[in-house]
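Subject: Handover of a structure and findings

Dear colleague,

Please find the structure below, handed over for your further work. My findings follow it.

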Amino acid sequence: MPWSEILAQPLARRLGLLVLRRGSSGAFLLILAVLAVTAPNFLSPGNIANVFAQSAILGILAFGLTCVVIGGGSNVVAGGLDLSLAANLGLCAAVYSSLNNAGFDTVQAIGLTLLCGLAVGALNGFTVVVLRLPPLLATLASMNLIAGLELVLTQNSVLPTDSALLDTLAMGEWLQVPALAWMLLAVALLLGLLIQHSPYGLRLYAVGEYPEAARAAGLRVGLYVFSSYLIAGLCAGVAAFCSAAYFSGSTTGSGDMLLSVVAIAFLGVVFSRRLVANIPGTLLATLLLGFLINGFQLLNIASFWVNGVQGVLILLVVAMSSALRKEEGGL
Amino acid sequence: MPAATSRKQHFSSTRFWQAMALAVVSLGLGSLAHAEDSDVPSLAGKRIAISMTGTSHYFDVKAFEAQVAEVKRLGGTPITLDAGRNDKNLVTQLQTVVTQKPDAVIQTLGTLSVIDPWLKRISKAGIPLFTIDAPSQYSLNNTTSDNVATGKHLADQLVADSGGKGNILVFNGFYGVPVCAIRYDQLKLALRDHPELKIIDPELRDVIPNTVQDAYSQVSALLNKYPKGSVTAIWSAWDIPQLGASKALVDAGRTEIKTYGVDGTPEVLELLKRSDSPVGAVIAQQPALIGKTAVQNVARYLAGQNDLPRETQVPTLLTTAANLEQVQALRGDQ
């Protein structure tokens, strides 16, 4: 294989490492700088706050996926993966809209919606940990199941709803920053503390990267993996409120978000020095995508180009990180 | 008539009078579209945001292209936005358009409950907001087809073709959509004067997506139940169920039953060309004229003519095998 020979050369390897470890933040800043110079009003505080708010739904879902990837390992095929996140959001938003329209009080409607998200997380955890199905297939199956449930509930139609909570989320502002932007930052802060700075987070990384060593050290690996799916389910529930605020109810087509969520979680890897999935990296990747979409619209460039750029970035990241993994495995 | 004057240059005089007669046939009451191209104020130096819900359907593409062309013709700069039929993209694009500070926004289609809060935000930001087929309370003017006349002409044609007798299968799955309700009510109104013409109970439900396949299988199944002579016509509020029903009739050799619908989708017009066509009539909308009219309303408003009606209605075209070519020429399909 000529390609693997090229990649095996020490110089290419070192270059790849350097680009991945140091270059990604630089590339982000470069993109921002280019957009700031070329796109009108890009740097206005209102626009930046707007991008943060627009990133809330995808960002919170991607945080959930990040936790699953950390707990299950970063191998795309055999590692941790939750493909049901976007469908879970769709179901939770439909559940909240239905409950709210049926006259349930605020606490009940919010509680049951979060429970719905958690239940889907528990189902995924059960199939992956207890039934030992590969996460890719297990969550693919639950994705279809949940999307079907959403169809049954909504008859494939838009369910408009209105509540004080949604009004606050959609239109509320604090320090001239929209409520949805605060939601994104709050979830990032909470999960950042839990995953990056707590004993639980450290053990979750251990379980994901070296399950055998973690087991030998006395960690209950299955329980940690299960908990990562619960976090993901909860994230879907929280993101559902952002989505319901965004669309004034539940709308069809939530499943379309899945690819972006997966892309963001894997892109987030390049914002860490050790090239592992992490919460701050996912936040940066979410914002990068948000700024790209925003900048392209301000520059009057068709939004389809964003998909292209996103695809190229993923290809680069996946190719580079698997090359690096090969290198690490050989050491 | 103003609607036809503008097109004089495109047609020979015979064609022109044919087209004019056709347009007059389908004119309803209410405020009608003006398309006098020469007296429209200039849009020079103006940036007009053309926000599309999608550009994948015939209606979308024609309305979109016409808006862009008209903004350019009037000397303005179009800002083109396409949400690709995705609500998240649509809301995001409506939020960001406020940052772009265009001189006006034209929103085409969209689920009203989803987009209305963000249309409100555009309107509150002081950006003049116009809509096409989206009757928002925040829109200065909504350009749309004249649906009362549309429903009436379709029903009248059905009554005339059937001789006022027989049974009708009706697709009525979207009575919740205002334009569909108007068209259905017009059918009921027409049937009141023709007691021998009856709607078969229960009514059929058309669905989205897979509309064509679903209508095809529903009608195919019902043809076994209803032998020749027991059904006269199939009516639907739009022409995608009509397309599925018509294909089922062709495949079953039952083209004695005639179908009726609204929109003028190219595939349905194509079916009209068959010698044994089951298509009785289809009311064609004029998406290009709708798009052009919306832009002209923007130009008038920006020039200080603030007395625009809340709604501008664009005529629709009753299309049968007899006048198919004129309709296609008038819509710019050929």
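Where is the place of A:S248 in chain A? A:S248 sits in the loop between α12 and β4 (249–250) of chain A. Please bear in mind throughout that this is a predicted model.

Backbone geometry

A:S248 is not a glycine, yet it has a positive phi of about 50°. A:S248 counts as buried because it has 25 C-beta neighbours inside 10 Å, and the cut-off for a buried residue is 20 or more. A:N41 likewise has a positive phi, of about 65°, without being a glycine. A:N41 belongs to the loop between α2 (10–38) and α3 of chain A. Is A:N41 buried or partly exposed? A:N41 has 13 C-beta neighbours inside 10 Å and therefore counts as partly exposed.

In chain B, the peptide bond from B:D201 to B:P202 is cis, with omega near 0°. B:P202 is located in the loop between β7 (197–199) and α8 (211–225) of chain B.

Helix packing in chain A

Helix α8 (residues 164–171) of chain A packs against α12(A) at an angle of about 80°, and their axes are 8 Å apart. The two helices are therefore roughly perpendicular to each other. On the side of α8(A), the contact is made by A:L165, A:L166, A:L169 and A:A170. From α12(A) come A:F241, A:C242, A:A244, A:A245 and A:Y246. By class, the residues of this contact are nine nonpolar, no polar and no charged.

An α-helix has 3.6 residues a turn, so residues three or four places apart point the same way.

Helix α13 of chain A

Helix α13 of chain A covers residues 258–267 and includes A:L258. The helix is mostly covered, with eight of its 10 residues buried. These buried residues are A:S260, A:V261, A:V262, A:A263, A:I264, A:A265, A:F266 and A:L267. The C-alpha atom of A:L258 is separated by 13 Å from that of A:I146, and the two residues are 112 residues apart along the chain.

The contact between the chains

How many residues does each chain bring to the contact? Chain A gives 24 residues and chain B gives 18 residues. On the side of chain A that touches chain B, α3 (45–54), α12 (221–247) and α14 (279–298) each supply at least two residues. This side of chain A holds nine nonpolar, 14 polar and one charged residues.

Helix α3(A) has several buried residues, namely A:N47, A:N50, A:V51, A:F52, A:A53 and A:Q54. Among the elements that cover them are α4 (56–72), β3 (177–178), α9 (179–196) and α14 of chain A. The cover also includes α4 (87–100) of chain B.

Chain B

Chain B contains 12 helices and 12 strands. Of its 334 residues, 51% are buried. Among contacts in chain B with a separation of 6 or more, 75% are between residues 24 or more positions apart.

The domain assignment divides chain B into domain 1 (47–144 + 287–313) and domain 2 (147–263). The centres of domain 1 and domain 2 of chain B, taken over C-alpha atoms, are separated by 33 Å. From the record, an unreviewed UniProt entry lists residues 48–305 of chain B as "domain: Periplasmic binding protein". The span of residues 48–305 is 49% helix and 19% strand, and its end C-alpha atoms lie 17 Å apart.

B:Y301 lies in helix α11 (residues 287–302) of chain B. B:Y301 has 19 other C-beta atoms within 10 Å and is therefore partly exposed. Which residues does B:Y301 contact, leaving aside its neighbours within four places in sequence? B:Y301 is in contact with B:P128, B:L140, B:N306 and B:L308. B:Y301 and B:D39 are 13 Å apart in space, C-alpha to C-alpha, and 262 residues apart in sequence.

Yours sincerely

Notes: Residues numbered from 1 in each chain as written. Chains lettered and ligands numbered in written order. Predicted model: local features only at pLDDT ≥ 70, side-chain atom pairs only at ≥ 80, totals over all residues. UniProt positions renumbered as here; feature names shortened; annotations may be inferred. Helix = DSSP H or I, 4+ residues; strand = E, 2+ residues; numbered from the N terminus. Contact = placed C-beta atoms within 7 Å. Nonpolar A, V, L, I, M, F, W, Y, C, P; charged D, E, K, R; others polar. Domains from an automatic or database assignment. Buried ≥ 20, exposed ≤ 12 C-beta atoms within 10 Å, placed from the backbone. Axes fitted to C-alpha atoms, helices over the stretch in contact; angles between N-to-C directions. Parallel < 35°, antiparallel > 145°, perpendicular 65-115°, else oblique.
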